[in-house]
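Please look over the sequence and the 3D structure shown below. A short briefing follows, grouped by topic.

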Amino acid sequence: MIDCIILCGGKSSRFNQNSKIFKHKFLEKYQGKSIIAHIIDKCKQLNGKIFLSGGYRLDLINNLPNDINIIDSGETCGTATRIKACEHLITSDIFLVCYADNILL
């Protein structure tokens with residue numbers, strides 16, 4: 001069992017620079033599913049808890065399975081603070097940290 005922290009707190013500023021409507025990069029579709037759905041599927045194979053640690057526009061994240069824990073670590077914090085926000089919830093000896101906009105193969 002390996003718990004997973006998926007970092008999803010960025011503003012996707014380069015991705016959204018020419019758009020009037022904000023959208024997280026990880027909500028973009030790849031092979032019919034959002035990038036975050038692909039990552040969650042891979043993390044589920046590890047049989048641990050899954051945490052999404054983010055802050056900016058978390059209200060846009062919906063339609064996730066009930067067993068996914070969303071941790072609001074604040075809009076302006078960095079990577080280490082996002083991981084630290086999940087520290088007390090991790091129960092596995094080893095845990096995985098990944099970014100929400102990179103598909104794990």
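Is Ala 85 buried, partly exposed or exposed? Ala 85 is partly exposed, because its relative accessible area is 23%. The cut-offs are these: buried means under 20% relative accessible area, exposed means over 50%, and partly exposed lies in between (1.4 Å probe, protein chains only).

This is a predicted model: local features need pLDDT of at least 70, side-chain atom pairs count only at pLDDT 80 or more, and totals for chains, interfaces and linings use all residues. Residues are numbered from 1 along each chain as its sequence is written, and side-chain values use heavy atoms, with hydrogens and water left out.

**Overview**

- The protein has two helices and six strands. Helices (H or I, at least four residues) and strands (E, at least two) are DSSP runs, numbered from the N terminus.
- Along the sequence, the pattern reads β-β-β-α-β-β-α-β.
- The protein has 105 residues, and 35% of them count as buried.
- Take the contacts between residues at least 6 apart in sequence: 62% of them join residues at least 24 apart. Contact means heavy atoms within 4.5 Å.

**Confidence**

- The mean pLDDT of the protein is 86, and 90% of its residues reach 70 or more. pLDDT is the predictor's confidence in each residue, from 0 to 100.
- Confidence is highest in strand β1, at a mean of 96, and lowest in strand β2 (residues 29-30), at 87.

**The sheet**

- Four strands make an open sheet, in the order β5-β4-β1-β6, with parallel pairing. The edge strands are β5 and β6 (95-99), and each pairs on one side only.
- Neighbouring strands of this sheet are turned by 25 degrees against each other on average, direction ignored. Axes are lines fitted to C-alpha atoms, for helices over the stretch in contact, and angles run from 0 to 180 degrees between N-to-C directions.
- Two strands pair if DSSP finds at least two bridges between them.
- Strands β1 (residues 2-7) and β4 (residues 47-54) run parallel and are joined by five bridges. Ile 2 stands opposite Asn 47 in β4.
- Five bridges also join β4 to strand β5 (residues 68-72), again in parallel.
- Which residue in β4 is the bridge partner of Ile 6? The partner is Leu 52. Leu 52 in turn has Ile 70 as its bridge partner in β5.
- Helix α1 (residues 35-44) lies across β1, β4, β5 and β6, and runs at about 150 degrees to β4.

**Two residues in their surroundings**

- Ala 85 lies in the loop between α2 (79-84) and β6. Neighbours within four places in sequence aside, Ala 85 is in contact with Ser 53, Ile 71 and Ser 73.
- Ala 85 and Ile 71 are 14 residues apart in sequence, and their C-alpha atoms are 7.3 Å apart.
- Tyr 99 sits in strand β6. Tyr 99 counts as partly exposed because its relative accessibility is 46%.
- Neighbours within four places in sequence aside, Tyr 99 is in contact with Ile 6, Leu 7, Ile 39 and Thr 79. Tyr 99 and Ile 39 are 60 residues apart along the chain, with 9.1 Å between their C-alpha atoms.

**Salt bridges**

- How many salt bridges does a search of the whole structure find? The search finds four. A salt bridge is a side-chain nitrogen of Lys or Arg within 4 Å of a carboxyl oxygen of Asp or Glu.
- Lys 25 forms a salt bridge with Asp 101, and the closest N and O atoms are 2.9 Å apart. This pair links distant parts of the chain, 76 residues apart: Lys 25 is in the loop between β1 and β2, and Asp 101 is in the segment after β6.
- Lys 25 is partly exposed at 27% relative accessibility, and Asp 101 is partly exposed at 31%.
- Asp 41 forms a salt bridge with Lys 33, with the closest N and O atoms 2.2 Å apart.
- Lys 84 forms a salt bridge with Glu 87, with the closest N and O atoms 2.8 Å apart. Lys 84 counts as exposed at 53% relative accessibility, whereas Glu 87 counts as partly exposed at 47%.
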